[in-house]
Amino acid sequence: MKTKLLAVMATLGMVASASAVKVNNNLSINGFIDGSYVSTDEGASDVSNIGIDEVELNFLVNAGNISGELHVDTIGENTQAGDSDATSELEIEQVHFSYSFGNGASVQVGRFGSALGLEREDPAGLYTFSRAYGNNAFNLGDVDSGHVGEGARLSYTAGDFGASLALYNGAGAAEDNGTANDDLDFELAVSYNGIENLSVGAGLQTTRPQGNGNDIEVYTVNAAYTLNKVLIAGEYTNSEEDGSSDISAYSILADYDVNDKLGLAVRYSNWEQLNGAAVEESDKLTFAPNYAITDSLGAIVEFSAQEDHDGTETDSVAIELTYTF
C-alpha cells in the first residue's frame, strides 16, 4: 500500500515521497495533487468547502557527492495553513543542495523545513487529513505553516543513530522597522532506531524574532512503534518564551491495517495557546479510515471533534484524495 508506506517513512523521519519519475541519470521528478471536501459545524455556523488543497512538484538532482531539491507548490484554502487570499499562488516551498563527505556526514545549504515534529510536511506523509494541533506553531514539521528557514544544516548518521544541527533565519526574513535580525535561529535534532520496530526522535529549537521580541525555545520528543499490523506513535512538545509564556502540546496516534488497502487511524491531541496573557487549552479527537484506491491514489475520510477552553465544540467531516507520482 503505497500511501501507507509513505506515511510510515515520514513518521520515521525519512522521506515524504518514495517514488520519482527518472528524467535522466541526474534528474528525477516527483510530487502530488491533493484535494478535499470539508464540512465544519461550529455551533450556529455550518460551512462546506471543496477544492484543490495543494499541488507540489519536486525536482531532484544528483551529481556525485552533490544532490539538490527544488519543491514548487501552491496552497488552497482547505489546508489549515492556507487562506483565501493566498489561494493558487505558486511559490518555492524548499530549495537546497547537499554535499556528502562520504563518512556519514553531509552539509545542506538553502531553504529547508524543520527536522522536528512527528507529522511531516506533505499530505502523503499523514494518516489523517487535519493536523494534530490545528493551525498553530506546534505543527513543527509543516513547512506550509511557516516552519521553513534559510541557512545551513550539518547532518551525521552512524548505524542506528542520526543527528543534525541547523543555523538559519526564517524564510524571507527581512529588516523589521530598520532593525535587522542579528541572531540566527538554531535547531538540533537526534534520532535512534536501534531497537526493532521502534523509532525515537528528539530535539530543541531556538527562534530569535526580529527587533526586540523574546527568544522562543521549543523542546520535543516523539516515538513510533510497530506491532504486527498496528502502529502506535506519540509526541510531546513544550514551548517557552523568555519571561512570557510556557505552553505545551501532545498527541497520540494509533493506526491499524485491516488489509493491504484499508487502514483505520485514531488520534487524540491536546495543546495550549496564548490569547494575550491568558493560556487557553484545546483538544481534538480524530477518527480517519484510509484506503488505497490504487498504488498512487489514496483516500482518507476523517471525522474530528475539537473542544476549546470555553466549551465551544467544532465538528468536521472531510474526504481527501491524494495522488502521488
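Phe-138 is buried, with a relative accessible area of 5%, where buried means under 20% relative accessible area, exposed over 50% and partly exposed in between, for a 1.4 Å probe and protein chains only. Tyr-133 is buried as well, at a relative accessible area of 2%. This is a predicted model, in which local features need pLDDT of at least 70 and side-chain atom pairs count only at pLDDT 80 or more, while totals for chains, interfaces and linings use all residues. Residues are numbered from 1 along each chain as its sequence is written, and side-chain values use heavy atoms, with hydrogens and water left out.

Searching the whole structure gives 6 aromatic pairs, a pair being rings of Phe, Tyr or Trp (its six-membered ring) with centres within 6.5 Å, called stacked if the planes are under 30 degrees apart, edge-to-face if over 60 and tilted otherwise. Tyr-133 and Phe-138 make an edge-to-face pair, because their ring centres are 6.1 Å apart and their planes stand at 65°. Tyr-250 and Tyr-268 form a tilted pair, at 6.2 Å centre to centre and 50° between the planes. Because Tyr-250 lies in strand β13 (residues 245-257) and Tyr-268 in strand β14 (residues 262-275), this pair ties together parts that are 18 residues apart in sequence; a strand is a DSSP run of E with at least two residues, numbered from the N terminus. Tyr-250 is partly exposed at 32%, and Tyr-268 is partly exposed at 29%.

Turning to the loops, Asn-228 sits between β11 (216-227) and β12 (230-241), is exposed at 76% relative accessibility, and has a positive phi of about 55° although it is not a glycine.

Conventions:
Helices (H or I, at least four residues) and strands (E, at least two) are DSSP runs, numbered from the N terminus.
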